[in-house]
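This report concerns one protein chain. The sequence and the structure are shown first, and the description follows.

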Amino acid sequence: MSALFAALVIGTVAGTLIGTIGAGAGALLVPSLMFFAGQSMQGAVGVTLAMQTIPVGIGGAYLYYKKGLIDLWVVAAVAIGMLAGILGGGALATSGEISPVKLELLLGVVLVVLGGVTIAKTLLGYTTVHPKRNS
């Protein structure tokens, strides 16, 4: 399978999952681009950041906004924090101070921890239900 076709399939699957369950693009796209499309960790992060800009994210966000499910104050706060974090993390990841192997290990640890917390909370009944939906 060519790298571009793999990237198309990865984008379709990840987009469906992101739109459905809100899984972060980094959690889905970065490992998928690395393993199936031959991208380096830094390259996969760069592709993920580039595709998350307005052209891609706005369509999905609009669907949720129409349903009254997005608090714009929270969006603003998260965006400010993310911008600072992305600039700092991106500078560190591309500086060469952390090896690609350690970056991949860090990604794996974060995914395992977040996955474990999500599963544990769900099994213990600590799920968050949007007050407007209450289902």
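At the start of helix 5 in this predicted model, a side-chain oxygen of D71 comes to within 2.9 Å of the backbone nitrogen of W73. Helix 5 itself covers residues 72-94, which amounts to 23 residues. From its first C-alpha to its last it reaches 31 Å, close to the 33 Å expected at 1.5 Å a residue. Just after helix 5, G96 adopts a positive phi of about 90°.

Is M34 buried or exposed? M34 is buried, because its relative accessible area is 10%, and the cut-off for a buried residue is under 20%. Leaving aside residues up to four places away in sequence, M34 touches Q39, S40, M41, A44 and E104. One of these partners, E104, is 70 residues from M34 along the chain, with 9.6 Å between the two C-alpha atoms.

For the chain as a whole, the secondary structure consists of six helices and zero strands, and the pattern along the sequence reads α-α-α-α-α-α. Further values for the chain are set out below.

| Property of the chain | Value |
|---|---|
| Buried residues | 13% of the 135 residues |
| Contacts joining residues at least 24 apart, among those between residues at least 6 apart in sequence | 46% |
| Accessible surface | about 9,700 Å² |
| Part of the accessible surface belonging to carbon and sulfur atoms | 73% |

M34 thus belongs to the buried residues, which make up 13% of the chain.

Terms used. Residues numbered from 1 in each chain as written. Predicted model: local features only at pLDDT ≥ 70, side-chain atom pairs only at ≥ 80, totals over all residues. Heavy atoms only, no water. Buried < 20%, exposed > 50% of the residue type's maximum accessible area, 1.4 Å probe, protein only. Contact = heavy atoms within 4.5 Å. Helix = DSSP H or I, 4+ residues; strand = E, 2+ residues; numbered from the N terminus. Areas by Shrake-Rupley, 256 points an atom, 1.4 Å probe, with all protein chains shown as cover. Expected span 1.5 Å × (residues − 1). Polar contact = N/O pair within 3.5 Å; in protein donor to acceptor, adjacent residues only side chain to side chain.
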